[in-house]
Amino acid sequence: MEKEWIIVYATSFAPQAEIIKGMLLENDIESVIISKQDSSYISFGEVELYVHQDDVIKAKHLINTFNTNE
């Protein structure tokens with residue numbers, strides 16, 4: 001992955017990462033999900049969400065707001 005992409009969120013629950021990715025997309029922030037979960041035992045490892053370095057602050061703010069409202 002290029003150096004311009006920064007991790008902003010990690011979880012062991014893949015659907016949560018997809019929800020966050022959708023929320024970011026609604027706010028005009030493109031993101032990429034990288035799964036580092038074991039293919040045999042998905043309970044091991046995490047799913048990481050990356051955004052472009054120019055969007056890190058806005059993305060983290062949106063994620064924090066989203067997590068607070070849950």
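## A tour from the loop at aspartate 28

Select aspartate 28 to begin, which sits in the loop connecting α1 to β2; helices (H or I, at least four residues) and strands (E, at least two) are DSSP runs numbered from the N terminus. This is a predicted model, in which local features need pLDDT of at least 70 and side-chain atom pairs count only at pLDDT 80 or more, while totals for chains, interfaces and linings use all residues. Residues are numbered from 1 along each chain as its sequence is written, and side-chain values use heavy atoms, with hydrogens and water left out.

Although aspartate 28 is not a glycine, its phi is positive, at about 60°. Aspartate 28 counts as exposed because its relative accessibility is 69%, where exposed means over 50% relative accessible area, buried under 20%, and partly exposed in between (1.4 Å probe, protein chains only).

Show the side chains of Gln16, Ala17, Ile20, Met23 and Leu24, the buried residues of α1. Viewed down the axis of α1, these buried residues fall within an arc of 120°, so they line one face of the helix; the arc is taken over the directions from the helix axis to the C-beta atoms. Leu25 and Glu26, on the other side of α1, are exposed.

What do the buried residues of α1 pack against? Their partners are β1, β2, β3 and α2 (56–69), with contact meaning heavy atoms within 4.5 Å.

Now select the 3 strands, which form an open antiparallel sheet in the order β1-β3-β2; two strands pair if DSSP finds at least two bridges between them. The edge strands β1 and β2 each pair on one side only, and the twist from one strand to the next averages 30°.

Centre the view on β3 (residues 47–52), where 5 of the 6 residues are buried. Strand β1 (residues 5–11) is joined to β3 by 6 bridges, with threonine 11 opposite valine 47. Strand β2 (residues 31–35) pairs with β3 over 5 bridges, and here valine 32 stands opposite tyrosine 50.

Finally, display both helices over the sheet: α1 lies across β1, β2 and β3 at about 15° to β3, whereas α2 lies across β1 and β3 at about 15° to β1. Axes here are lines fitted to C-alpha atoms, for helices over the stretch in contact, and angles run from 0 to 180 degrees between N-to-C directions.
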